[in-house]
Amino acid sequence: MGQSSSSLGPHSSETEGLEISRSCRFSFRSSSSSSSYSSLKEEGEVLDLKSGGFDGGGGGGGFGFDYTNNLPDECLALIFQSLGSGDRKRCSLVCKRWFRVDGQHRYRLSLNAQSEILTFLPSLLARFDSVTKLALRCDRKSISVNDDSLIMISIRCPNLSRVKLRGCREITDVGMEFFAQSCKSLKKFSCGSCMFGAKAMNSILTHCKALEELSVKRLRGIHEGSELIGQDIAASSLRSVCLKELMNGQVFQPLILGAKKLTTLKLIRCVGDWDRVLERIGNGNTGFVEIHLERLQVSDSGLSGISKCSNLEVLRIVKTPECTNYGLVCIAEHCRQLRKLHIDAWRTNRIGDEGLIAVAKQCLNLQELVLIGVNPTSLGLAAVASNCLKLERLALCGSGSVGDAEIACIAAKCLALKKLCIKGCPISDVGIETLAWGCPNLAKIKVKKCRGVSGGIAEWLRERRKSLIVNWDDVQDKPLVDASVSHSGAQEMGIVLHRTVRQGTDSNTAAASSSSSNGPLTLFRTKIGFFAYRNLVQCAFSRYPTDDNSSNGNL
């Protein structure tokens, strides 16, 4: 850490006669008085030019007197904890004491979990012996750490409370079982793109009695016919389960139904029928407070099962096209403590005024409502505004039926509203003008991709209500994209459209394709067709963002 003698030598003219200023640690002033220089040298505050550091305390090199010598290690550690990752790494190299204090008080560690790290693990774990939060990440092109590395970590760091594994494909059920037996104080466990399976999950649930949060994403070791996860296991402390992109995620059913303290359940892009799992929730655990359903095969039967959770406060239904007003009515009639409701109906027109009126009549504590691809009218919005007097946050995105009349209704009746977001709706300046006198508690409004709204009305609204934050974008300068359709959603619709067109043209091209159906050129054409039709769908939705008839026809 000290400077070499070539850059800071004893005969350097720039550093000759330098004296440390007591008013600033890193400022120097020249002094012609040899007596003052001698006095500073006796106090041990003079730059040792030969070693590139200071004589006075601190251990290791530096560029001035180390005033942190008077600070206890605990105070110095608190300063390090307030720094960013890069600054903290650089500070740990200043001197031996800072290096030691940083290692002893670093509780969070993230490692590039490639196989080559095995030789460095002993020294790393010896330095960071107080780690309680560990993340191991490995990219797809590299070989990850294996069971030996995980076992070494579990032995050296038995007090781990949070562990995250990403892309650790070489870790097996054997290594996970040993890890679970050693790290019994684990509270949060997250894994993604790993190869171990149900046996490893059961080991974690069996030995880690204090586990509170479990997140599983793309777990490759769970196959059809795998053993059930959580069966005959108490999991008494488990409060949150998140399952993402699993092929056979239904094996977690015993855990979901058996964990009595489970309050949060998130099911995102998991393949298979989930109605059976959700139907049995009411017969098992009814203490759920938050449930997320995204891109699942779930229908009103599943929502009816969720409705048995009378304590439900947060519900997100995202891109589940089989859910209709009937399921939402069941939720509203039994989950009257609902505070947050997010619905992305994907413009299927299966959820509308009927479901919203039921929510408005029963869920009087509603504070946040997000409607994407839903087409409510002033009838449904008026019911929500009149009954849900605590509504503070409202978002309307990609709703072709929301116009100036609906915005005027919101402005007149949503007295507690603080944040309003309007995106991709056929409103005009007339509707925005009504917000200048309505919604007295409105603090922020966001208007995006609404063709009828001009920049002048946004400036007028800012002048009219000085405290109001107005976010507005000029759609004339940007290509329009349908607010209710995400990029991945456009890809999926591109696949459907591509299949439809190919089915219509197969009869005309049967003779030509029979001779080369198995060749590499067919695969190339398929890929080209996929991207071409995907772009076609995106362009169509960009051009007609509010045309419900055309969009629903594609759906």
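Two strands count as paired if DSSP finds at least two bridges between them. Keep that in mind for this tour of a predicted model.

**Strand β10.** Select residues 240-244, which form strand β10. Four of the five residues here are buried, that is, under 20% relative accessible area, so the strand is largely enclosed by the rest of the structure.

**Its partner β9.** Next, select residues 213-217, strand β9. Five bridges join β9 to β10, and the two run parallel.

Now show residues 253-258, helix α9. Together with β10 and β11, helix α9 makes a right-handed β-α-β unit.

**The second largest pocket.** Select Arg162, Val163, Lys164, Lys188 and Ser190, which lie nearest the centre of this pocket among its 19 lining residues. The pocket holds about 400 Å³ of space.

Which strands supply at least two residues each to the lining? Colour β5 (108-112), β6 (133-137), β7 (162-166), β8 (188-192), β9 and β10 to see them. Of these, β6 gives the most, with four residues.

Finally, colour the lining by residue class. Eight of the lining residues are charged, seven are nonpolar and four are polar.

Methods. Residues numbered from 1 in each chain as written. Predicted model: local features only at pLDDT ≥ 70, side-chain atom pairs only at ≥ 80, totals over all residues. Heavy atoms only, no water. Buried < 20%, exposed > 50% of the residue type's maximum accessible area, 1.4 Å probe, protein only. Right-handed = clockwise from strand over helix to strand, strands pointing away. 1 Å grid on protein atoms, 1.4 Å probe; cavity = no way out; pocket = protein on both sides within 12 Å on 5 of 7 lines; lining within 4 Å. Points joined across faces, edges and corners; volume = space filled by probe spheres on them. Nonpolar A, V, L, I, M, F, W, Y, C, P; charged D, E, K, R; others polar.
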